[in-house]
Amino acid sequence: WITDGTSAGTRMLADIAFPTRESTPTGFTDLGNGRAIFRASDEELTRGVFSTDGTAAGTKLLKPRVETSLRIANGRALLFADRDLFISDGTAEGTTLIAEVGFLRGVQSVVAGTVAFFATHEALWRSDGTATGTFAIGPSALDIEAAGEKVFFFARGRSRYEHWVSD
(Lines give C-alpha, C1' and ligand atoms only; values in the text may rest on other atoms or scores of the structure.)
Protein backbone atom coordinates (compact mmCIF):
# COMPACT_ATOMS: atom_id res chain seq x y z
CA TRP A 1 0.00 0.00 0.00
CA ILE A 2 0.99 3.63 -0.48
CA THR A 3 -0.54 6.79 0.94
CA ASP A 4 -0.24 10.54 0.90
CA GLY A 5 -1.92 10.61 4.33
CA THR A 6 -5.50 10.90 3.10
CA SER A 7 -8.21 8.28 2.53
CA ALA A 8 -8.50 9.29 -1.12
CA GLY A 9 -4.72 9.05 -1.55
CA THR A 10 -4.40 5.55 -0.06
CA ARG A 11 -4.25 2.59 -2.45
CA MET A 12 -2.65 -0.79 -3.01
CA LEU A 13 0.73 -0.26 -4.62
CA ALA A 14 1.40 -3.83 -5.75
CA ASP A 15 0.14 -7.34 -5.06
CA ILE A 16 3.41 -9.28 -4.89
CA ALA A 17 1.91 -12.61 -3.77
CA PHE A 18 -0.99 -14.68 -5.01
CA PRO A 19 -4.34 -13.20 -3.98
CA THR A 20 -4.81 -16.10 -1.54
CA ARG A 21 -1.41 -15.61 0.14
CA GLU A 22 0.01 -12.83 2.24
CA SER A 23 3.32 -11.22 1.35
CA THR A 24 3.80 -9.98 4.95
CA PRO A 25 5.99 -6.96 4.15
CA THR A 26 8.27 -5.71 6.95
CA GLY A 27 11.31 -3.54 7.50
CA PHE A 28 10.62 -0.66 5.12
CA THR A 29 13.80 1.36 4.67
CA ASP A 30 13.97 4.65 2.78
CA LEU A 31 17.24 4.69 0.85
CA GLY A 32 17.04 8.44 0.39
CA ASN A 33 17.40 8.15 -3.39
CA GLY A 34 13.74 7.87 -4.38
CA ARG A 35 13.64 4.15 -3.59
CA ALA A 36 12.68 2.11 -0.55
CA ILE A 37 13.43 -1.52 0.22
CA PHE A 38 11.46 -3.99 2.32
CA ARG A 39 11.33 -7.71 3.09
CA ALA A 40 8.37 -9.76 1.90
CA SER A 41 7.36 -13.12 0.45
CA ASP A 42 6.60 -13.55 -3.24
CA GLU A 43 4.08 -15.91 -4.85
CA GLU A 44 6.43 -18.87 -4.25
CA LEU A 45 6.75 -17.90 -0.57
CA THR A 46 10.40 -16.98 -1.09
CA ARG A 47 11.35 -14.36 1.49
CA GLY A 48 13.52 -11.64 0.01
CA VAL A 49 14.14 -7.93 -0.35
CA PHE A 50 11.89 -5.99 -2.66
CA SER A 51 12.52 -2.51 -3.97
CA THR A 52 10.00 0.17 -4.88
CA ASP A 53 10.01 3.62 -6.39
CA GLY A 54 6.40 4.11 -5.30
CA THR A 55 4.86 2.73 -8.50
CA ALA A 56 3.44 -0.73 -9.24
CA ALA A 57 5.82 -1.14 -12.20
CA GLY A 58 8.77 -0.09 -10.05
CA THR A 59 8.07 -2.61 -7.24
CA LYS A 60 10.09 -5.78 -7.78
CA LEU A 61 11.96 -8.56 -6.02
CA LEU A 62 15.50 -7.28 -5.69
CA LYS A 63 17.24 -10.23 -4.03
CA PRO A 64 15.78 -13.54 -2.82
CA ARG A 65 16.69 -15.21 0.48
CA VAL A 66 17.82 -12.01 2.16
CA GLU A 67 17.92 -12.36 5.96
CA THR A 68 18.13 -8.67 6.74
CA SER A 69 19.12 -5.32 5.31
CA LEU A 70 20.87 -2.32 6.79
CA ARG A 71 20.95 1.21 5.37
CA ILE A 72 24.45 2.68 5.53
CA ALA A 73 24.58 5.98 3.62
CA ASN A 74 24.30 7.75 0.27
CA GLY A 75 21.19 5.85 -0.85
CA ARG A 76 22.77 2.44 -0.28
CA ALA A 77 21.97 -0.58 1.86
CA LEU A 78 23.77 -3.77 2.80
CA LEU A 79 21.84 -6.98 2.08
CA PHE A 80 22.68 -10.18 3.92
CA ALA A 81 21.77 -13.26 1.85
CA ASP A 82 22.90 -16.68 3.06
CA ARG A 83 26.67 -16.25 3.61
CA ASP A 84 27.00 -13.33 1.18
CA LEU A 85 26.97 -9.56 1.63
CA PHE A 86 25.65 -7.34 -1.14
CA ILE A 87 25.57 -3.56 -1.55
CA SER A 88 22.49 -2.11 -3.23
CA ASP A 89 21.07 1.21 -4.33
CA GLY A 90 17.65 -0.45 -4.64
CA THR A 91 18.02 -1.39 -8.31
CA ALA A 92 19.01 -4.72 -9.87
CA GLU A 93 21.87 -3.03 -11.74
CA GLY A 94 23.09 -1.36 -8.56
CA THR A 95 23.14 -4.56 -6.46
CA THR A 96 26.52 -6.29 -6.31
CA LEU A 97 28.24 -8.91 -4.18
CA ILE A 98 31.00 -7.41 -2.05
CA ALA A 99 32.05 -10.27 0.24
CA GLU A 100 31.35 -13.72 1.61
CA VAL A 101 31.06 -13.11 5.34
CA GLY A 102 29.46 -16.22 6.82
CA PHE A 103 26.13 -16.66 8.53
CA LEU A 104 24.83 -13.79 10.63
CA ARG A 105 24.62 -14.18 14.38
CA GLY A 106 21.00 -13.17 14.81
CA VAL A 107 20.42 -9.55 13.94
CA GLN A 108 23.61 -8.21 15.47
CA SER A 109 24.29 -5.13 13.34
CA VAL A 110 24.63 -1.38 13.78
CA VAL A 111 25.73 1.64 11.77
CA ALA A 112 28.26 4.11 13.17
CA GLY A 113 28.61 7.09 10.85
CA THR A 114 28.72 5.52 7.38
CA VAL A 115 30.22 2.19 8.47
CA ALA A 116 28.20 -0.93 9.33
CA PHE A 117 29.33 -3.38 11.99
CA PHE A 118 27.81 -6.86 12.11
CA ALA A 119 28.48 -10.20 13.75
CA THR A 120 28.65 -13.57 12.04
CA HIS A 121 29.19 -16.84 13.87
CA GLU A 122 32.91 -16.54 13.09
CA ALA A 123 33.80 -12.84 13.50
CA LEU A 124 32.83 -9.20 13.95
CA TRP A 125 32.91 -7.40 10.60
CA ARG A 126 32.88 -3.81 9.40
CA SER A 127 31.80 -2.56 5.99
CA ASP A 128 31.70 0.80 4.28
CA GLY A 129 29.86 -0.77 1.35
CA THR A 130 32.97 -1.57 -0.71
CA ALA A 131 34.88 -4.82 -1.15
CA THR A 132 38.12 -3.29 0.17
CA GLY A 133 36.32 -1.67 3.11
CA THR A 134 34.67 -4.92 4.22
CA PHE A 135 36.70 -7.13 6.54
CA ALA A 136 36.67 -8.98 9.85
CA ILE A 137 37.97 -6.91 12.76
CA GLY A 138 37.69 -9.26 15.71
CA PRO A 139 36.05 -12.28 17.26
CA SER A 140 32.33 -12.82 16.97
CA ALA A 141 30.41 -10.35 19.12
CA LEU A 142 27.24 -9.99 21.17
CA ASP A 143 25.20 -6.91 22.08
CA ILE A 144 26.67 -4.55 19.47
CA GLU A 145 25.79 -0.90 20.12
CA ALA A 146 26.84 2.27 18.31
CA ALA A 147 27.55 5.55 20.09
CA GLY A 148 28.57 8.21 17.61
CA GLU A 149 31.52 6.85 15.65
CA LYS A 150 32.36 4.17 18.24
CA VAL A 151 30.97 0.67 18.52
CA PHE A 152 30.76 -1.20 21.82
CA PHE A 153 30.31 -4.97 22.05
CA PHE A 154 30.98 -8.09 24.08
CA ALA A 155 33.35 -10.72 22.66
CA ARG A 156 34.89 -13.88 24.03
CA GLY A 157 38.30 -13.31 25.59
CA ARG A 158 40.59 -16.03 26.94
CA SER A 159 38.02 -17.51 29.30
CA ARG A 160 34.96 -15.23 29.37
CA TYR A 161 33.13 -12.49 27.52
CA GLU A 162 34.79 -9.10 27.76
CA HIS A 163 33.73 -5.56 26.84
CA TRP A 164 35.36 -4.23 23.65
CA VAL A 165 35.27 -0.98 21.72
CA SER A 166 36.06 -0.21 18.08
CA ASP A 167 36.33 3.13 16.30
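Strands are DSSP runs of E with at least two residues, and helices are runs of H or I with at least four; both are numbered from the N terminus. The model is predicted, so local features need pLDDT of at least 70 and side-chain atom pairs count only at pLDDT 80 or more, while totals for chains, interfaces and linings use all residues. Residues are numbered from 1 along each chain as its sequence is written, and side-chain values use heavy atoms, leaving out hydrogens and water.

**Exercise 1. Describe the ring pair of Phe 28 and Phe 38.**

Step 1: Start with the two quantities to look up: an aromatic pair is described by the distance of the ring centres and the angle of the planes.

Step 2: The whole structure holds four aromatic pairs. Rings of Phe, Tyr and Trp (its six-membered ring) pair if their centres lie within 6.5 Å; planes under 30 degrees apart are stacked, over 60 edge-to-face, and the rest tilted.

Step 3: Phe 28 and Phe 38 are 4.7 Å apart centre to centre, with 20° between the planes, and the pair is stacked. Phe 28 lies in strand β1 (residues 26-30) and Phe 38 in strand β2 (residues 36-41), so the pair ties together parts 10 residues apart in sequence.

Step 4: Now check the exposure of each partner. Phe 28 is exposed at 55% relative accessible area, whereas Phe 38 is buried at 8%.

Step 5: Ring pairs also link Phe 28 and Phe 38 with Phe 50 in a cluster.

**Exercise 2. Classify the pair of Phe 80 and Phe 118.**

Step 1: For the new pair, the ring centres of Phe 80 and Phe 118 are 4.9 Å apart and the planes stand at 70°, so the pair is edge-to-face.

Step 2: Phe 80 sits in strand β6 (residues 76-81) and Phe 118 in strand β10 (residues 115-120), so this pair joins parts that are 38 residues apart in sequence.

Step 3: Both Phe 80 and Phe 118 are buried.

**Exercise 3. Locate Glu 162 relative to Gly 9.**

Step 1: Glu 162 is part of strand β15 (residues 161-166).

Step 2: Its relative accessibility of 30% makes Glu 162 partly exposed.

Step 3: Glu 162 and Gly 9 are 153 residues apart along the chain, and their C-alpha atoms are separated by 52 Å.

Step 4: For scale, the C-alpha atoms of the protein chain fill a box of roughly 60 × 30 × 30 Å along the principal axes. Of the 167 residues in the protein chain, 40% are buried.

How values were computed: Buried means under 20% relative accessible area, exposed over 50%, partly exposed in between (1.4 Å probe, protein chains only).
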